[in-house]
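I opened my notebook to jot down what I could look up here. My entries follow the picture.

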Amino acid sequence: MSHYDETSLVFQNLFSSAEFGRLYWDPFRDADGDASVKSTYKPKGKRKKARKVSGGGKHRCFHCNSILRWPSDLKYHVAFSHTGKQLNVCPESTCSRNFQFPYQLANHQRTSGHHNWKVVCPVCDKQFGNQRFLARHTVAACNRYKQEQH
């Protein structure tokens, strides 16, 4: 008896064995053996993959054709590199350095002392731009700051 004959006999007696029903019963199969519900599952190899733009971004500068990843990066790039806008300028009159991003200005102010920050940690005397930054200041950061100062 061939393998085909064995399987056809098994499918004719589909519900004869509880073990067979548990292992091979397909709830979406009709009595004729056709699947009535189409599956939308696609194996991993068959899925379409999204194309990546070379350079990792899709926002192109019209001035120099640089490709940037985010719209905000493009905005800062154009303003800082091509229009000469003063985006994040140090408030110190003797310095007046221009920075592309706000975090760069904050780092400059913290390291050079070019600020008028009034929020101070009572333990280590580190100054902060606002109360929210002081609230995030941890004991470990306090200890590190004290060690750096001595």
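**Notes on the chain**

I started with contacts (heavy atoms within 4.5 Å): among those in the chain between residues at least 6 apart in sequence, 4% join residues at least 24 apart. This is a predicted model, where local features need pLDDT of at least 70, side-chain atom pairs count only at pLDDT 80 or more, and totals for chains, interfaces and linings use all residues. Residues are numbered from 1 along each chain as its sequence is written, and side-chain values use heavy atoms, with hydrogens and water left out.

Next I looked up burial, which here means under 20% relative accessible area (1.4 Å probe, protein chains only). Of the 150 residues in the chain, 19% are buried.

**Asn88**

I found Asn88 in strand β3, residues 88–89; strands are DSSP runs of E, at least two residues, numbered from the N terminus. Asn88 is buried at 12% relative accessible area. A polar atom of the Asn88 side chain lies 3.3 Å from the backbone oxygen of Gln100. Leaving out residues up to four places away in sequence, Asn88 touches several others, including Tyr76, Arg97, Phe99 and Leu105.

**Cysteines**

How many disulfides does the structure hold? I noted zero, a disulfide being a pair of cysteine sulfur atoms within 2.5 Å. For Cys61, the closest cysteine sulfur is in Cys64, 3.8 Å away, so that is too far for a bond. Cys95 is in no disulfide either, with the nearest cysteine sulfur, that of Cys90, at 3.9 Å. I have Cys61 down as buried at 0% relative accessibility, and Cys95 as buried at 18%.

Terms used: Helix = DSSP H or I, 4+ residues; strand = E, 2+ residues; numbered from the N terminus. Buried < 20%, exposed > 50% of the residue type's maximum accessible area, 1.4 Å probe, protein only. Polar contact = N/O pair within 3.5 Å; in protein donor to acceptor, adjacent residues only side chain to side chain.
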